[in-house]
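My notes follow the structure.

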Amino acid sequence: MTHELKQMVEAFQEARSRGRKAVLASVVDLNGSSYRKPGVRMLLLDDGSMVGAVSGGCVEKDILRQAEKVFENGKPLMMTYDGRYRLGCEGVLYILIEPFSPDPGFIERFNDAIRDRETFRMYSNYRNEEGHCDNLGSTVVFDDRSFRLSESPDSQSQDLLKFEQLFLPCFKLMIFGAEHDAVVLCQYAAMNGWEVSVISGPLESKTIENFPGANSFFSVSPDQLELELIDGTTAVVVMSHNFANDLKFLIEIKDSSPAYIGLLGPAHRREKLMSQLLEYCPDLDQSFLELIHGPAGLNIGAETPQEIAISIMSEILSVTRDQNPVFLKEKDGGIHA
């Protein structure tokens, strides 16, 4: 969710520079099933353009029509979308549409939070009734300050409900390697909204320009790594295609705690790496070893670099979200249960 909000804030800044108005649509409640869950948002501009989506496409046109009222009078409103009488999802969505006009202080503080990988919250006052209400709206709360996203007053009225959402740092992928398959993984991860850092050996003739979608690129030897870049919302994939370099990378990150470590290559290569890693680091913590997945990826028959990237990313998602991959048709309960 954080990367989507980041995209909307960036789009708002660009739109404001062109003199355009914006409104924010937030799904704040749900009765039944839906393509996406409460907390999903989209930004709409007064020229009819949209950033993000709150469904698979069936709701957005109705939201755009309702947003015209907000552009006209500047007042937030609630709308409902009843999918039970349509061809989409069989649920009722409650959607808050509010002017999006935060002051410049919010933009600066938000960008700082994204850069420093801070956790923050947003809460939205809403009703499960359609129509305008002056006290509807959202507030973003950082550790040191809070910001109202529109000019409507922040109300603690007992007549209003509150939807609260936690925003974690953007998920990050660190790729140790600079070959063609690393380029593909970088592209796919960036498309998924992940922040991607690529670490190349100092002798590689590569730059960030070779990795579309990368947020950062480091051409360094393993012992020059900035390990503070690795946190609990970071996945690491070691894929340099050089055994000695892969071993050095593992040795250097042995005291870090990423969410996932993936090793490219067959099982016998993994066993050799693990054997030498333990030889160099006999006191290695067991918890670090449990983070290592090699060969990286799920067994989906991947062969091409593109398919391998999908396999690796699928495993990262399943590990970080504590899911056991199964066919959805064989899953008990709802999709998101």
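Below are my entries on aromatic pairs, charges over rings, and cysteines.

I worked on a predicted model, where local features need pLDDT of at least 70, side-chain atom pairs count only at pLDDT 80 or more, and totals for chains, interfaces and linings use all residues. Residues are numbered from 1 along each chain as its sequence is written, and side-chain values use heavy atoms, with hydrogens and water left out.

**Rings.** I counted 11 aromatic pairs. Rings of Phe, Tyr and Trp (its six-membered ring) pair if their centres lie within 6.5 Å; planes under 30 degrees apart are stacked, over 60 edge-to-face, the rest tilted. I looked up Phe-12 with Phe-100: edge-to-face, 4.9 Å between centres, 90 degrees between planes. Phe-12 sits in helix H1 (residues 2-17) and Phe-100 in the loop between strand E5 (91-99) and helix H3 (104-115), so the pair ties together parts 88 residues apart in sequence. Helices (H or I, at least four residues) and strands (E, at least two) are DSSP runs, numbered from the N terminus.

I then checked burial (buried is under 20% relative accessible area, exposed over 50%, partly exposed in between; 1.4 Å probe, protein chains only). Phe-12 is buried at 4%. Phe-100 is buried at 3%.

I also found a cluster linked by ring pairs: Phe-106, Phe-110, Phe-120, Phe-142, Phe-147 and Phe-167.

**Charges.** I required NZ of Lys or CZ of Arg within 6 Å of the ring centre and within 35 degrees of the ring normal. Lys-162 lies over the face of Tyr-123, 4.4 Å from the ring centre.

**Cysteines.** I found 0 disulfides, taking a disulfide as two cysteine sulfur atoms within 2.5 Å. For Cys-170, the nearest cysteine sulfur belongs to Cys-186, 15 Å away. Cys-170 is buried at 6% relative accessibility.
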